[in-house]
Amino acid sequence: MQYFEAKWLASAAHQDQWPEHDLPEIVFVGRSNAGKSSLINALVNRNRLAYTGKTPGKTRLLNFFVVNNQFVFTDAPGYGYAVGSRHSLIEFGILMEPYFAKRENLKAVVLVLDARRKPSEEDISMVEYAKTNHLAILAVCTKKDKLSYGQLKNQQFAIAKELKLNANSFLAVDSLKKQGMDEVWDKINETLSLK
Ligand SMILES: Nc1nc2c(ncn2[C@@H]2O[C@H](COP(=O)(O)OP(=O)(O)O)[C@@H](O)[C@H]2O)c(=O)[nH]1
Ligand SMILES: [Mg+2]
C-alpha cells in the first residue's frame, strides 16, 4: 500500500469558507451512511481523517482534505442526514448547489453507493447534476463484503442501469478492509488526466 500524505484543509458551511488552492478537487457524494468518509479514509490509508459513523456536526459541512499536495478531496454530507427530512434536503441543496455551480477547482464526482441498495432519487439527481456541469463521474459501490460475488455483480448491473451509467465505470470496494483502493486510484488518475 502506497503512502499518502493527507491532511484536513477546511470545513465549510458557506462559500466564503471554501479553501483557496489550485489543485483539482474531487467531491464524494452519496446518501448518509453510504460510506463516503470511510472511502476517503481507506483511499489515503488513514483511519480517522474524515469523520465516519454517527458523528453529528462536522458531517453537515463540506470537509476538504489535501492529498499528496496533488488533489483535494471534498467529503460532502449525505443527502437528508436526518433521514427523509424535508428540511435537511433543502439544507443539503443550499450547501451543494453553489458548490457544484461555482467551484472552479471541481473536476470529478465520486458517487458513493451502498452495494446492497437501489440508488435513491437523489443519487439519480446527482448523476444529472454532474452531467449538466460537465464533471467526470465515478461510481463506487461500498460494502462489497456484505454480498456474494454473484449478488454484487447483479447489484452493480442493476445500479448502473438505474443511473444510466456504463456498468464498467463501476467499482466495488470494502473500505474497512481497504480492498479495491488501487482500482479507485487508477480511475481517479485516469479521469483527471483526461480532463
Ligand atoms: N462492512 C463495511 N462497512 C462499511 C464500509 N464502508 C463503510 N462502512 C460502515 O458504514 C457506516 C457509514 O460509513 P461512513 O463512512 O460514515 O458513511 P458516510 O455517511 O457516507 O460518510 C460506518 O459504520 C462504516 O464503518 C465497507 O466497505 N464495508
Ligand atoms: Mg461521512
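Colleague: How do the residues of the shell around ligand 1 divide into nonpolar, polar and charged?

Modeller: Three are nonpolar, eight polar and six charged. The labels go by residue type: Ala, Val, Leu, Ile, Met, Phe, Trp, Tyr, Cys and Pro count as nonpolar, Asp, Glu, Lys and Arg as charged, and the others, Gly among them, as polar. Oh, and this is a predicted model, where local features need pLDDT of at least 70, side-chain atom pairs count only at pLDDT 80 or more, and totals for chains, interfaces and linings use all residues. Residues are numbered from 1 along each chain as its sequence is written, chains are lettered from A and ligands numbered from 1 in the order in which they are written, and side-chain values use heavy atoms, leaving out hydrogens and water.

Colleague: Which of the 17 residues around ligand 1 come nearest?

Modeller: K36, S38, G53, D145 and S175 do. To count as near, a residue needs a heavy atom within 4 Å of the molecule.

Colleague: Why is strand β2 called mostly covered?

Modeller: Five of its five residues (25-29) are buried, which means under 20% relative accessible area, with exposed over 50% and partly exposed in between (1.4 Å probe, protein chains only). A strand here is a DSSP run of E, at least two residues long, numbered from the N terminus.

Colleague: How do you know that β2 pairs with β4?

Modeller: Pairing takes at least two DSSP bridges. β2 and β4 (residues 71-75) have four and run parallel, so they pair. F28 has D75 as its bridge partner there. β2 also pairs with β5 (residues 106-114), again parallel, over five bridges.

Colleague: What makes β1 and β7 edge strands?

Modeller: The open sheet runs β1-β3-β4-β2-β5-β6-β7. β1 (6-12) and β7 (170-172) each have a single partner strand, so one side of each lacks a neighbour in the sheet.
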